[in-house]
Structure formats: structure tokens, C-alpha cells
Amino acid sequence: PAGHGVGRSRGGLTTKIHAAVDGNGRPLAAVVTGGHRNDGALLEAVLADIRVPRLAGGRPRTRPDMVLADKAYSAGVYRRALHARGIKVVIPEKSDQIAARKRRGSRGGRPPGLDTAAYRGRNVVERHFALTKQWRGLATRYDKLAITYRAAIILAACITWTRIWET
């Protein structure tokens, strides 16, 4: 919500940035929430925020080819939602999910596949967040209002994208 504070948890004011980036670490979408929110619950909101204009005109592209994510997104509900949208899923399985599947034996089903070569590219997301944290105001979360904090995130994204044309 635009006018609300950034989020309060037991540790004080906290914020989470949920983001999607392209293969070069350039931001495609960003959603800001309180720090107590589950990462996976915002997957749909982040995907819905993606709008990539086409060079030849027409409708912007809204669906990525694949989603590389960490184990926070490994639940079956997120995998099914991505498969339903025709998006390739590259997410490792949590160890407790592996153990639960093995306990069920043959009824546990097959383990989801993991493209390990593609998963190596997930570090691009971590590098994007490291770059975002170079902005002191974003790293320290001084902003009281979420709308102001999100504006700084969008400004950082715009600057990241303008670096394409500087070279």
C-alpha cells in the first residue's frame, strides 16, 4: 500500500524488496512489502509487475522464459502456478521436502527436475541486490513511507537501465 509505513516486526522497522531481473541483472519489476511477508506469497505480484516493451511495437512482454529462484519458492503451489503460465521452473527443492517425499516412498512422487547449469545464473539476482544496497538510503531504509522507498528503488532501476546506453 502506497501510504503505509515500511513494516514493523519484532526487530523494528523492516522492509523487503521482491524483485525480478533479466539475465544481465537489470530490474524488470519490484514490489515492496513489510519484512514479515513470505517471499513466495509475492511471486505472483512480482510477475504481474513485469512489462518489457517490444522494439517492433505491440503489446509488452509480460511472461519470462524461466524463473530462477531460491528454495523459498520451492513449494508445489508456486511451481504449479509457474508451469500453468508456461514458465520454466529452475528452483532447488528444500531438504525437508525431499525427506517428506522419500518418507512417502513410491507415493511421494518424482522429484522436480533442476537445470543446474541454468541455476548457476541465479547469482545475477544477488548481484542486483548488492548493487541496490550501494544506495545508502535503500540499504539503511531511512524512508518512513513505503511509496518513498519504492520511488528510490525505481530511480535506482532507471539508473541501472541507462547504463546500457552509456557504453
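Predicted model: local features only at pLDDT ≥ 70, side-chain atom pairs only at ≥ 80, totals over all residues.
**Exercise 1.** Decide whether Leu 155 and Thr 160 are buried, partly exposed or exposed.

Solution. Step 1: find the residues. Leu 155 belongs to helix H7, which covers residues 146-166, and Thr 160 is found in helix H7 as well.
Step 1: recall the cut-offs. Buried means under 20% relative accessible area, exposed means over 50%, and partly exposed is in between.
Step 2: apply them. Leu 155 has 45% relative accessibility, so this residue counts as partly exposed. Thr 160 has 13%, so Thr 160 counts as buried.

**Exercise 2.** State which residues make a nonpolar surface patch with Leu 155.

Solution. Step 1: name the partners. Trp 135 and Ile 159 make the patch together with Leu 155.
Step 1: give the area. The patch has about 240 Å².

**Exercise 3.** Describe the surroundings of Thr 160.

Solution. Step 1: look at polar atoms. A polar atom of the Thr 160 side chain lies 2.9 Å from the backbone oxygen of Ala 156.
Step 1: set aside neighbours within four places in sequence. Thr 160 is then in contact with Arg 26, Pro 27 and Leu 131.

**Exercise 4.** Find which elements have the lowest and the highest mean pLDDT.

Solution. Step 1: start with the whole protein. Its mean pLDDT is 82, and 90% of its residues reach 70 or more.
Step 1: compare the elements. Strand S1 (residues 8-9) has the lowest mean, 48, while strand S6 (residues 88-90) has the highest, 92.
Step 2: check residues 1-7. Their pLDDT is below 50, and in the model this stretch has 19 contacts beyond near neighbours in sequence.

Notes. Residues numbered from 1 in each chain as written. Heavy atoms only, no water. Patch = residues over 30% accessible without salt bridge, like charges linked within 9 Å, V, L, I, M, F, W, Y side chains within 5 Å. Areas by Shrake-Rupley, 256 points an atom, 1.4 Å probe, with all protein chains shown as cover. Salt bridge = Lys/Arg side-chain N within 4 Å of Asp/Glu carboxyl O. Helix = DSSP H or I, 4+ residues; strand = E, 2+ residues; numbered from the N terminus. Buried < 20%, exposed > 50% of the residue type's maximum accessible area, 1.4 Å probe, protein only. Polar contact = N/O pair within 3.5 Å; in protein donor to acceptor, adjacent residues only side chain to side chain. Contact = heavy atoms within 4.5 Å. pLDDT = per-residue confidence, 0-100.
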